[in-house]
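Thanks for sitting down with this chain. Let us go through it together as a set of questions and answers.

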Amino acid sequence: MQAIASLGFVLGKFGFVGIDYQWSNESGSVLKSSAGMSHNTINDITKKENVDTHTVRVGFEIKPLDALSLRIGGGYRTAANTKDASRYYYTSDTRTDTHYINDMGAYNVTAGLGYRVGRHSLDIAYVWQVTNGEYYEFNTPDLNVQPLNIRSVRNQLVFSYGVRF
């Protein structure tokens, strides 16, 4: 289950402020087989090791000229796992991968520039996103394996051209 609340303010004819909050019930996930059979062990672990996530996004847009829009924003998402979450395998599982990553949250910063002439528009947008995690080489409770902290940085640039009909 997810719930989203948004709030926006128009600043005269030259700007806009938007704020979003999103709650995701990660611990409420339920796994069932295609035949409808329950997976009680996996579901119990999911309830114990997955936590609800909270995401906050804020964005601003101003129009210094009628044809020009400038945007900036950002967001933050909390971790989806508990600190001691692990990967679970069934005893009859044929998987051979032993590593896994615990999601420890993410944040991003965005910026954009849009220009409109008549029916045509050009837009450029940039997103800088950082995702944090803990990388485990093995999944065994018998070993006291210390995770490696990882930080994934992603840069995205998008160009758009539009025509209104």
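Q: Is Y107 buried, partly exposed or exposed?
A: This is a predicted model, and the answer rests on its computed areas. The relative accessible area of Y107 is 28%. Buried means under 20% and exposed means over 50%, with partly exposed in between. Y107 is therefore partly exposed.

Q: How many aromatic pairs does a search of the whole structure find, and what geometry is involved?
A: The search finds one aromatic pair. Y107 and W128 form this pair, with 5.9 Å centre to centre and 65° between the planes. Planes over 60 degrees apart count as edge-to-face, so the pair of Y107 and W128 is edge-to-face.

Q: Which strands does the pair tie together, and how many residues apart in sequence are the parts?
A: Y107 lies in strand β5, residues 100-117. W128 belongs to strand β6, residues 120-136. The pair therefore ties together parts of β5 and β6 that are 21 residues apart in sequence.

Q: Does W128 count as buried, partly exposed or exposed?
A: W128 has 26% relative accessibility. The buried class needs a value under 20% and the exposed class one over 50%. W128 therefore counts as partly exposed.

Q: Where do the buried residues of helix α1 fall, seen down its axis?
A: Helix α1 covers residues 40-49, and its buried residues are I42, N43, T46 and E49. Seen down the axis, these fall within an arc of 145°, so they line one face of the helix. The face turned away from that buried side carries the exposed residues N40, K47 and K48.

Q: Which residues is T46 in contact with, leaving aside its neighbours within four places in sequence?
A: T46 lies in helix α1 and counts as buried at 14% relative accessibility. Its C-alpha is 7.0 Å from that of S29, which is 17 residues away in sequence. With those close neighbours in sequence left out, the contacts of T46 are E26, S27 and S29.

Q: Is T55 buried or exposed, and which residues does it touch beyond four places in sequence?
A: T55 is found in strand β3. Its relative accessible area is 10%, so T55 is buried. Not counting residues up to four places away, T55 touches D20, Y21, Q22, Y76 and R77.

Q: Which strands each supply at least two residues of the nonpolar surface patch?
A: The patch is formed by L7, F9, L11, F14, I19, Y21, V56, V58, F60 and I72, with about 870 Å² of accessible area together. One of its members, I19, has its place in strand β2 and is partly exposed at 34%. The strands that each supply at least two of the patch residues are β1 (2-11), β2 (15-24) and β3 (53-65).

Q: What share of the contacts with a separation of 6 or more comes from residues 24 or more positions apart?
A: For the chain as a whole, 21% of the 165 residues count as buried. The chain exposes about 11500 Å², of which carbon and sulfur atoms supply 59%. Among contacts with a separation of 6 or more, residues 24 or more positions apart account for 58%.

Conventions:
Residues are numbered from 1 along each chain as its sequence is written. This is a predicted model: local features need pLDDT of at least 70, side-chain atom pairs count only at pLDDT 80 or more; totals for chains, interfaces and linings use all residues. Side-chain values use heavy atoms; hydrogens and water are left out. Patches are made of residues with over 30% relative accessible area and no salt bridge: like charges are joined within 9 Å, nonpolar side chains (Val, Leu, Ile, Met, Phe, Trp, Tyr) within 5 Å. Accessible areas come from the Shrake-Rupley method with a 1.4 Å probe; for residues, only the protein chains shown count as cover. A salt bridge is a side-chain nitrogen of Lys or Arg within 4 Å of a carboxyl oxygen of Asp or Glu. Helices (H or I, at least four residues) and strands (E, at least two) are DSSP runs, numbered from the N terminus. Buried means under 20% relative accessible area, exposed over 50%, partly exposed in between (1.4 Å probe, protein chains only). The arc is that of the directions from the helix axis to the C-beta atoms. Rings of Phe, Tyr and Trp (its six-membered ring) pair if their centres lie within 6.5 Å; planes under 30 degrees apart count as stacked, over 60 as edge-to-face and the rest as tilted. Contact means heavy atoms within 4.5 Å.
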